[in-house]
Structures are given as C-alpha cells and as structure tokens.
Amino acid sequence: MANLRIKLVKSLNGRLDKHIATAKSLGLKKIGNETVQPDNPQTRGKIAQISYLISVTEE
C-alpha cells in the first residue's frame, strides 16, 4: 500500500480548533514538520479538511 508524505507549510495560529486538532492527529505541530501516513480513506479525509495548510506527495 502506498504512503503519503505530508508537510505543514502554513502556521496553525488563528486556525479553527478542529483544524489544529486534525493537524496534530497527523503529527504536525510546527511549520516544516513532515510525517509519513498510510494512504487510506481516514488519512485522505484529514488531508481534505486541512488541505490549505499542507503539501502532500505520494511515496
């Protein structure tokens, strides 16, 4: 199964609490943090919610 590399490219300051919680559930706390997550519907849903804060590449 493929993996997704997710990088936080915008600040979490002033964002909706729900979006901050989503970023933290992906392991993203500071700008520049990267994480590798499995490519599944749960991860895709989180990405869709905070797509304006992150960049995603497939591995």
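This is a predicted model: local features need pLDDT of at least 70, side-chain atom pairs count only at pLDDT 80 or more; totals for chains, interfaces and linings use all residues.
1. A residue is called exposed here when its relative accessible area is over 50%, and buried when that figure is under 20%. Keep those two cut-offs in mind for what follows.

2. Start with Asn-13, which sits in the loop joining strand E1 (3-8) to helix H1 (17-25). Its relative accessibility is 67%, so Asn-13 goes down as exposed. How far is Asn-13 from Ile-47, in sequence and in space? The two are 34 residues apart along the chain, and their C-alpha atoms lie 18 Å from each other.

3. Now the overall layout. I count 2 helices and 3 strands in the chain, and reading from the N terminus the order is β-α-β-α-β. The radius of gyration is 10 Å, close to the 10 Å that the globule rule gives for 59 residues, so the chain is as compact as a globular protein of that length. If you want dimensions, the C-alpha trace spans about 35 × 20 × 15 Å along its principal axes.

4. On contacts across the chain: take the pairs at least 6 residues apart in sequence, and 73% of those contacts join residues at least 24 apart. As for burial, 29% of the 59 residues count as buried.

5. Thr-35 is worth a look. This threonine belongs to strand E2 (residues 34-38).

6. With a relative accessibility of 9%, Thr-22 counts as buried. Which residues does Thr-22 touch, not counting those up to four places away in sequence? They are Lys-46, Gln-49 and Ile-50.

7. The accessible surface of the chain comes to about 3800 Å², and carbon and sulfur atoms account for 50% of that.

Methods: Residues are numbered from 1 along each chain as its sequence is written. Side-chain values use heavy atoms; hydrogens and water are left out. Helices (H or I, at least four residues) and strands (E, at least two) are DSSP runs, numbered from the N terminus. The radius of gyration is taken over C-alpha atoms; the globule rule is 2.2 Å times the number of residues to the power 0.38. Buried means under 20% relative accessible area, exposed over 50%, partly exposed in between (1.4 Å probe, protein chains only). Contact means heavy atoms within 4.5 Å. Accessible areas come from the Shrake-Rupley method with a 1.4 Å probe; for residues, only the protein chains shown count as cover.
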